[in-house]
Structures are given as structure tokens and as C-alpha cells.
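User: I've got a chain open here and want a quick walk through it. Can you take my questions as they come?

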Amino acid sequence: MLSLPMWKCPEWTQNASLVNATSPEFIEVWQSRIRELQGAIMVASCFQIVVGFTGLIGFLMRYIGPLTIAPTITLIALPLFETAGNDAGVHWGISVLTAFLIILFSQYLRNVPVPMLTYSKAKKCHFIKIHLFQIFPV
């Protein structure tokens, strides 16, 4: 959506020293973009709520399997590869830390139970162990 020609940055914003961030024109430019983005997120969220409450996912999972999901995720992620590579090259410390944490959580801490504080009327406050990284691997 933001790669459409109507959302390209105006020429006068290319030089940061010439931009007056308090000018009404500048404020309207970024606020209109934020409003558009907020609207898109709200519509997508409402769609997810409707799909979740109607049970449509359970019905669709009979027809959508791993052979459909894997190529779809690949097609979504491929255009992001160049940007991610460029950003990872600039911020290599964050990139290494992110890769390390993903490997640690998904591969090594998957079977480690994490103590969580819970409350119930019968036992009051007590700790239970949850395999948190199996539920949320990355």
C-alpha cells in the first residue's frame, strides 16, 4: 500500500535540513498517511475477528494444508528479503542478537518449562510450569 505512487515522499522532504516539522503542510502529509494505515489495520483486525468468531478457519483448514501455506508465506517474505538484508548489514549487532534468540527459543528452550505465577480460588497464588516456547516458539 505504501509503495503506491500517491504515497511517495514529496521532493521537499528529501533534504531533512529544509523540512519544517511544525509546518501545517508537513503535519498534514504524515497525518494523512497514518490515518490511512490505521484504517487498513482496523479493517484487517475486524476481518480477523469475524473469521475467528464464525469458525471459518476450522472449515478452511480441511482444504488448506502445509503445501498451500508454505508457498504463500514464501511469496509474502521474498520481497522483504532485500530490505531485511540491507537493514541487517547496517545493524549487525541487532541482527546477530535476533538470530541468536530465534535459534535459542525455537530449538533449545522448546522443552524447558517456564514457571508462571497463577491464581485460583482453591490454591490461591501458586506457580505452574508452562512450555512457553512450544506455544510461542519465536
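Predicted model: local features only at pLDDT ≥ 70, side-chain atom pairs only at ≥ 80, totals over all residues.

User: Which strand is it in?
Analyst: Lys-124 belongs to strand β2, which covers residues 124-130.

User: What about the phi of Lys-124?
Analyst: It is positive, about 60°, although Lys-124 is not a glycine.

User: Let's zoom out. How many helices and strands does the chain have?
Analyst: Six helices and two strands. The order from the N terminus is α-α-α-α-α-β-β-α.

User: What radius of gyration does the chain have?
Analyst: The chain has 23 Å. For a compact globule of 138 residues, the value would be near 14 Å. Along the principal axes, the C-alpha atoms fill a box of roughly 65 × 40 × 40 Å.

User: And how much of the chain is buried?
Analyst: Buried residues account for 6% of the 138.

User: What about the surface?
Analyst: The accessible surface is about 11800 Å². Carbon and sulfur atoms supply 72% of that.

User: Switching to charges. How many positive and negative side chains are there?
Analyst: There are 9 positive and 6 negative ones. The centres of the two sets lie 31 Å apart.

User: How many salt bridges turn up?
Analyst: One, from a search of the whole structure. It pairs the side chains of Arg-35 and Glu-28, at 3.0 Å from N to O.

User: How accessible are Arg-35 and Glu-28?
Analyst: Arg-35 has a relative accessible area of 44%, so it is partly exposed. Glu-28 is partly exposed too, at 41%.

User: Then what about Arg-33?
Analyst: Arg-33 is buried, yet has no salt bridge. The nearest side chain of opposite charge is Glu-28, at 9.6 Å. A salt bridge needs the nitrogen within 4 Å of a carboxyl oxygen.

User: Where is Arg-33, and what does it touch?
Analyst: Arg-33 is in helix α1, residues 24-54. Leaving out residues up to four places away in sequence, Arg-33 touches Trp-7, Lys-8, Cys-9 and Pro-10.

User: Now the other end of the chain. Where is Phe-136?
Analyst: In the segment after α6, which spans 132-135.

User: Buried or exposed?
Analyst: Phe-136 is exposed, because its relative accessible area of 55% is over the 50% cut-off.

User: How far is Phe-136 from Ser-106?
Analyst: Their C-alpha atoms are separated by 8.6 Å. Along the chain, Phe-136 and Ser-106 are 30 residues apart.

User: Last one, Val-112. Which loop is that?
Analyst: Val-112 is in the loop between α5 (92-108) and β1 (114-120).

User: What is Val-112 in contact with?
Analyst: Ile-130 and His-131, setting aside neighbours within four places in sequence.

Conventions: Residues numbered from 1 in each chain as written. Heavy atoms only, no water. Helix = DSSP H or I, 4+ residues; strand = E, 2+ residues; numbered from the N terminus. Rg over C-alpha atoms; globule rule 2.2 N^0.38 Å. Buried < 20%, exposed > 50% of the residue type's maximum accessible area, 1.4 Å probe, protein only. Areas by Shrake-Rupley, 256 points an atom, 1.4 Å probe, with all protein chains shown as cover. Lys, Arg positive; Asp, Glu negative; His and termini not counted. Charge placed at Lys NZ, Arg CZ, Asp CG, Glu CD. Contact = heavy atoms within 4.5 Å.
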